[in-house]
Amino acid sequence: MQTLVSRNLVALSASALLAGCALIAHYDQAAYEHATSAKVDTLALMSKATGSYGEHQKEVEALTLELDKAYEYDRGRQLNKITVAQWDILRDPNRNLVGGFLKIWKAKGRLSEAYVIEKKRQIADAFDQIIQLESGKIRTAKATE
């Protein structure tokens, strides 16, 4: 009988311990705000890509810095590999999202309206994935205050 009670206690303790272990970072209001702000700023700047890159170079540099800060913030959080991977893809100049868009804009000088519209849709979707992942994370009591 005592062995059965001991086994149940061990099983219950193990269950409680596993329930307390997170496999992904908890919700973070700052990370959510970084992602939503970066999305709005990125899409606004992309709308200007039918104009000269040179006229908007300082804005591109400011946006790149904003994206880098959001990335570094998320990179510094534990259990956040999925979000960091999403930021890597979004920022990569050799891919087809923000990094690649900015690289092409710089190389061509200006972009067609049709191209900008399509890329804005794709990039908005990529940001939405980051935002939805963050908003779907478990909220701690501190995060809901």
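Predicted model: local features only at pLDDT ≥ 70, side-chain atom pairs only at ≥ 80, totals over all residues.
A residue counts as buried when its relative accessible area is under 20%. Thr42 has a relative accessible area of 1%, so Thr42 is buried.

**The overall picture**

The protein chain has 6 helices and 0 strands. Followed along the sequence, its pattern reads α-α-α-α-α-α. The chain holds 145 residues, and 33% of them count as buried. If you look at contacts between residues at least 6 apart in sequence, 73% join residues that are at least 24 apart.

**Around Thr42**

Thr42 belongs to helix α2. Which residues does Thr42 touch, leaving aside those up to four places away in sequence? They are Leu63, Leu67, Val98, Ile123 and Phe127. Three of these names, Val98, Ile123 and Phe127, will come back when we reach the contact between α5 and α6.

**Two helices side by side**

Helix α6 covers residues 113-135, while helix α5 covers residues 98-108. The two pack at an angle of about 155 degrees, and their axes are 10 Å apart. Why do α5 and α6 count as roughly antiparallel? Angles over 145 degrees are classed that way, and α5 and α6 are therefore roughly antiparallel to each other.

On the α5 side, the contact is made by Val98, Phe101 and Ile104. On the α6 side, Tyr115, Val116, Lys119, Ile123 and Phe127 take part. Sorted by type, the residues of this contact comprise 7 nonpolar, no polar and 1 charged.

**Rings that meet**

The structure contains 5 aromatic pairs.

Are Tyr53 and Trp105 buried or exposed? Both are buried. Ring pairs also join Tyr53 and Trp105 with Phe101 and Tyr115 into a cluster.

Tyr27 has a relative accessibility of 6%, so Tyr27 counts as buried. Tyr32 has a relative accessible area of 27% and is partly exposed.

**Charges over rings**

Arg139 lies over the face of Tyr27, at 3.8 Å from the ring centre. Where is the charged end of Arg91? The charged end of Arg91 sits over the ring of Tyr71, 4.0 Å from the centre of that ring.

**One last stop**

Gln132 is part of helix α6. With a relative accessibility of 54%, Gln132 counts as exposed. How far apart are Gln132 and Tyr32 in sequence and in space? The two are 100 residues apart in sequence, and their C-alpha atoms are 8.9 Å apart in space.

Methods:
Residues numbered from 1 in each chain as written. Heavy atoms only, no water. Phe/Tyr/Trp six-rings, centres within 6.5 Å; stacked < 30°, edge-to-face > 60°. Buried < 20%, exposed > 50% of the residue type's maximum accessible area, 1.4 Å probe, protein only. Helix = DSSP H or I, 4+ residues; strand = E, 2+ residues; numbered from the N terminus. Lys NZ or Arg CZ within 6 Å of the ring centre and 35° of its normal. Axes fitted to C-alpha atoms, helices over the stretch in contact; angles between N-to-C directions. Parallel < 35°, antiparallel > 145°, perpendicular 65-115°, else oblique. Contact = heavy atoms within 4.5 Å. Nonpolar A, V, L, I, M, F, W, Y, C, P; charged D, E, K, R; others polar.
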